[in-house]
Amino acid sequence: MKMRTLTALAAVATTGWCVAADLFFAGDSTLHSRRYLDDREYPEEERCLGSWCDELAYFVKPGVRIVNHAYSGESTKSFIDRGRWARLIEQVKPGDFVYIQFGHNDQKKKDPKRYAAADGAYRDNLRRFAAEVRAKGARPVFGTPMVRRFYQGSKSRKVADGLENYPDAVRAVGRELDVPVVDFNAFSRQMVESRSREETLPWYRAVVDKADMTHPTKFGAKVFARAFYDEVKKQGLEIAALLKDEALPTMTAFDAPFGKFSNWVPAFPKRDFPITDYGAKPDGTDCTAAIAAAFAACHAAGGGRVVVPDGKWATGCVQFKSDCELHLSDGAVLDLIDDPKLYPIVLT
């Protein structure tokens, strides 16, 4: 069997070099995971929805588990009253991070089940969140609510997102309690205002539902996830320890009926692990164990390439690990040994 390059993006492990911390999210529909949409039939304006929290999974280090409790329609008040905060905080362990971003629904004065005044209950709820996270030995992080794509005039690039003083309230409580703040409102505003309307339209569901200037599309979610990564790294926040430092994915995109379709192209660290360093020989010897050892070393080092040099290499089952690329040189052949016992049945 002759091959050039095989890649694997398997589920990350929680051993070896990996970070043993979870990243929790509490928030509203701008953070709510949209993965469930892939399992059902939805109209186009729903199928295009995305969550930047889902996309952030491509930027966290192996071993970091994203636990997203954000839910559509919630405010700080309703998130508490409906028991969502209690379920989240029960799962938090020492060393974890809890990212908290609300505001879009707290400002709904006509809805007493959700309304929390920016200078009153909203601030009090943020204080409660921070105190209870710290009581669990974990670390709170605040986020200001992401900008809505409403413009101040028909030709203006300036945004009037209608979020009143909710972003300022987050910043103030962050300073008061020494809780780090990711100013999502500020950097998303700068992103929208620095680009043309045509360029930013595909970021929001407005591309298929002209009234919705709040929720990101799957394409926009990727754009905002990368911007979140850049902002956290730029600020040097403690949460940056959960994010990759190398081999970041790149995004491809093309036009589709519901806006832009996009995907991540994986990247691998520039480290090579030749199978010959682990005992493999091109003389008919079974190289299964040597290849497995090369993958284990590659994964333990944080990823890279498992390199098969020129030659014919006898092997049984080849099992991939996350962040590892199997690279066969031009003259390399993996010669699969004719023995069923070397290929265990895998439940998928």
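Modeller: The account below takes the salt bridges pair by pair. This is a predicted model, in which local features need pLDDT of at least 70 and side-chain atom pairs count only at pLDDT 80 or more, while totals for chains, interfaces and linings use all residues. Residues are numbered from 1 along each chain as its sequence is written, and side-chain values use heavy atoms, with hydrogens and water left out.

A salt bridge is counted where a side-chain nitrogen of Lys or Arg lies within 4 Å of a carboxyl oxygen of Asp or Glu; by this rule there are 30 salt bridges. Side chains of opposite charge can pair when their charged atoms come close.

One of the bridges joins Lys 77 to Asp 81, at 2.7 Å from N to O. The two residues are 4 apart in helix H3 (residues 76–81), so about one helical turn separates them. Helices here are DSSP runs of H or I, at least four residues, numbered from the N terminus. For accessibility, buried means under 20% relative accessible area, exposed over 50%, and partly exposed in between (1.4 Å probe, protein chains only). Lys 77 is partly exposed at 28%, whereas Asp 81 is exposed at 52%.

In helix H5 (residues 121–135), Arg 128 and Glu 132 are likewise 4 residues apart, about one helical turn, and their side chains form a salt bridge of 2.9 Å, N to O. Arg 128 is partly exposed, at 37%, and Glu 132 is partly exposed, at 26%.

Arg 205 and Asp 209 form a further bridge, at 3.5 Å from N to O. Here Arg 205 is buried, with 11% relative accessibility, while Asp 209 is partly exposed at 25%. Elsewhere, salt bridges that share partners link Asp 22, Arg 65, Lys 93 and Asp 96 into one network.
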